[in-house]
Amino acid sequence: MVSTIRFSGIASGMDTQSIVDSLMQAQRIPLDKLNQKRQVIEWQRDSYREMNKLLDDFSNFIFDGIYRQANMLTRSAVSSNSDVVTAKAAPNAGTISYKLENVTIATAARMQSTAAVSKDGKIDSTKSLWSQRDKLEGFTWKQEEITSNFKVPEKGATDFQLTKGAVSETLNLNANGKLEVKNADGEVQEFDVVVGSIPETKDANTVYIDENTGKMSFGTKLEGDSSFSVSYNHNYLEFNIETYKEDGSTNKRDSDFKIAGNVTLDSMLSQINSSNVGVNMFYDSHTDQMVVQRKDTGNLINSEGKSINFTGASADFFTQALKLTEEQAGSNAKFTINGLETERASNTFTMSGVTFTLHNNSVAGESTSVTVGTDTDAIMTTIKDFVNKYNELLDKVNGKLTEEKYSSFTPLTQEQKLAMSEKEIEQWEEKAKSGLLRRDQILDSAMTTLRNNLYSEVKSNEVTLTDPKFNQLAEIGITTTKNYMDRGKLEINEDKLKAAIEENPEAIFQLFMADGPTYEEQGLARRVRDTLSSTVKKIEERAGNVFKTEDNYTLGKQLGRVKDDISRLEDRLKMVENRYWSQFNAMEKAMQNLNNQSNMLLSYLGMGAQQQ
């Protein structure tokens, strides 16, 4: 945009800019009113969306808190000896007592090296397996031939990296047993090959290959654009580990483990432990022994009586090198429960909705009781949270519905803001925003409907046989406050609520969550959530949301029309301002012409006087 620089008042001496600004200030009054109207619509839209978020948050709270049977039918399971057994009851667990005796916990199968695994010294688990191959014996490395092709960069180079490490020998040497490097002209240079470690001082005619990392280093810098190819044996382990489930099926990897020789023992064990084969393995440097243990407890074996089985081409790495040949079988948990002798593969098991966890063997002759009942405190907490959230919602929405409207506090113009401090602007706008949703029909109707949702009784149907004794909130100790200014807030008689929960928790759940075909047969929480959902939709039709364009909701369309009016008025004001400037410029031009004529006349008169 190109701005116009105006020089005014040269002929007249008038401050034309100030005059035009004053004239335009009066002309801009309709524009200021339109901008204020736009601001009010935007504030009202934002207030609606704020209310919608409150309604949506409460709806989500109901879904996460009241809808979940586990919250409204919470059961407790209390053990008389938590050192032996603990328990957790599901909502469907019955009120019952269990007596556990003769508890022997389940154990997991394990294997341990029958002797130290290292031949000389001890393994360093942080170094590559290939670098310590002389310490492990009784197995054969698997090998694969790898070919790496190299193109030397233009600037030349001495160091290169093979695709894989754990190199035992090179294979594509020429008849002289040397590696050939061809330059760009096809000339061949021969290099001796040494596989091992790379020395500090290198022979110019030798290439050294680090057997662990696969790094290659030539004794002399190769010419740019040279090329060569290296084939070598890469050494690795290939194996699988099988464990077995209670139903006889097998746990194992879909594909065998393939562990490169340049991988450390720690890294290999990490891969095994994080896989689905179901074992934990570790190496103890003090004893120089390996331990492998099943993650699952119990007598879980295959047809051959094995619980842990090493398979694959490198299975002898475990059985011979690591000496894992003897297995200590796992055992099932055994116990007597209410006189019934039984057993489980796991120390954690479920009976009739109660999940038991065995921790230790019981003392001979002693028993542990587990009593299952209603967790009254937990259910009370859920209901109290619902009431508190409902009251908070009423407070905030009713606050908006009764908020004072200050008609004299309109949105500030830019000129007004420039004359005020930030604190003054904040205080002014606080009053200007007040009352934008006062007596709003959508919200007022929603609050009335919510009160009716909660005060009406819930009738039973063929599916949900709601106890008539507990078919209203008042019957379980929840009533409206006596202060009419609270506009329907709820209060709880905790003793009455607790007694109702203890008497019939299922009936309390149905009071909130009964699912019937008619309104009367629906639980209170379902009614409330339906009302919240319909209100949210109505508000979105009026005020939209962050995903809707202005054309898709009522206030947005109003806002769009006001913006169009502002745009048209701004165009007209530019024309008016240009007209004012044209008029003043014309006046300046006329006065300039008059001044020029006067100067000429004076000039003529002065000349005549001199002649006399």
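Lys252 and Glu242 form a salt bridge in this predicted model, with 3.9 Å between the closest N and O atoms. Lys252 sits in the loop between β13 (250-251) and β14 (257-260). Glu242 belongs to strand β12 (residues 227-244). Lys252 is partly exposed, because its relative accessible area is 40%. Glu242 counts as buried, because its relative accessibility is 16% and the limit for a buried residue is under 20%.

Across the whole structure, 18 salt bridges are found. One of them joins the side chains of Lys489 and Asp395 at an N to O distance of 3.3 Å. Lys489 lies in the loop between β24 (478-480) and β25 (490-492), and Asp395 in helix α6 (residues 376-401), so this pair ties together parts that are 94 residues apart in sequence. Lys489 counts as buried at 18% relative accessibility. Asp395 is partly exposed, with a relative accessible area of 46%.

A further salt bridge brings together the side chains of Glu429 and Lys417, with 3.6 Å from N to O. Here both partners are helical: Glu429 is in helix α8 (residues 422-433) and Lys417 in helix α7 (residues 414-418). The contact therefore ties together parts that are 12 residues apart in sequence. At 19% relative accessibility, Glu429 counts as buried. Lys417 has a relative accessible area of 25% and is partly exposed. Salt bridges also link Glu144, Lys164 and Lys258 in a network.

Attention turns next to strand pairing. Four strands make an open sheet: its 4 strands follow the order β15-β16-β4-β18, and the pairing is antiparallel. β15 (279-284) and β18 (327-328) stand at the edges. Each has a single partner strand, so one side of each is left without a neighbour in the sheet. Helix α4 (residues 265-273) packs on this sheet and touches β15 and β16. The direction of α4 makes about 160 degrees with that of β15. Within the sheet, strand β4 (residues 110-112) is joined to strand β16 (residues 289-294) by 3 bridges, and the two run antiparallel. Met111 has Val292 of β16 as its bridge partner. Strands of a sheet pair through backbone hydrogen bonds, in either a parallel or an antiparallel manner.

A hairpin is formed by β19 and β20, with 2 residues between the strands. The strands run antiparallel and are joined by 5 bridges. Ile337 stands opposite Leu340 in β20. Asn338 lies in the loop between β19 (333-337) and β20 (340-344). In this turn, Asn338 has a positive phi of about 50 degrees. Asn338 is partly exposed, with a relative accessible area of 44%.

Lys323 also has a positive phi, of about 60 degrees, although it is not a glycine. Most residues other than glycine have a negative phi. Lys323 is found in the loop between α5 (316-321) and β18. Lys323 is partly exposed, because its relative accessible area is 23%.

Glu304 lies in the loop between β16 and β17 (308-311). Its relative accessible area is 62%, so Glu304 is exposed. The C-alpha atoms of Glu304 and Val536 are separated by 65 Å, and the two residues are 232 residues apart along the chain. Elsewhere, Leu601, Leu602 and Leu605 make a nonpolar surface patch of about 330 Å². Leu605 is placed in helix α13 (residues 554-611). Leu605 counts as exposed, because its relative accessibility is 55% and the limit for an exposed residue is over 50%.

Note on methods
Residues numbered from 1 in each chain as written. Predicted model: local features only at pLDDT ≥ 70, side-chain atom pairs only at ≥ 80, totals over all residues. Heavy atoms only, no water. Patch = residues over 30% accessible without salt bridge, like charges linked within 9 Å, V, L, I, M, F, W, Y side chains within 5 Å. Areas by Shrake-Rupley, 256 points an atom, 1.4 Å probe, with all protein chains shown as cover. Salt bridge = Lys/Arg side-chain N within 4 Å of Asp/Glu carboxyl O. Buried < 20%, exposed > 50% of the residue type's maximum accessible area, 1.4 Å probe, protein only. Pairing = 2+ DSSP bridges. Contact = heavy atoms within 4.5 Å. Axes fitted to C-alpha atoms, helices over the stretch in contact; angles between N-to-C directions.
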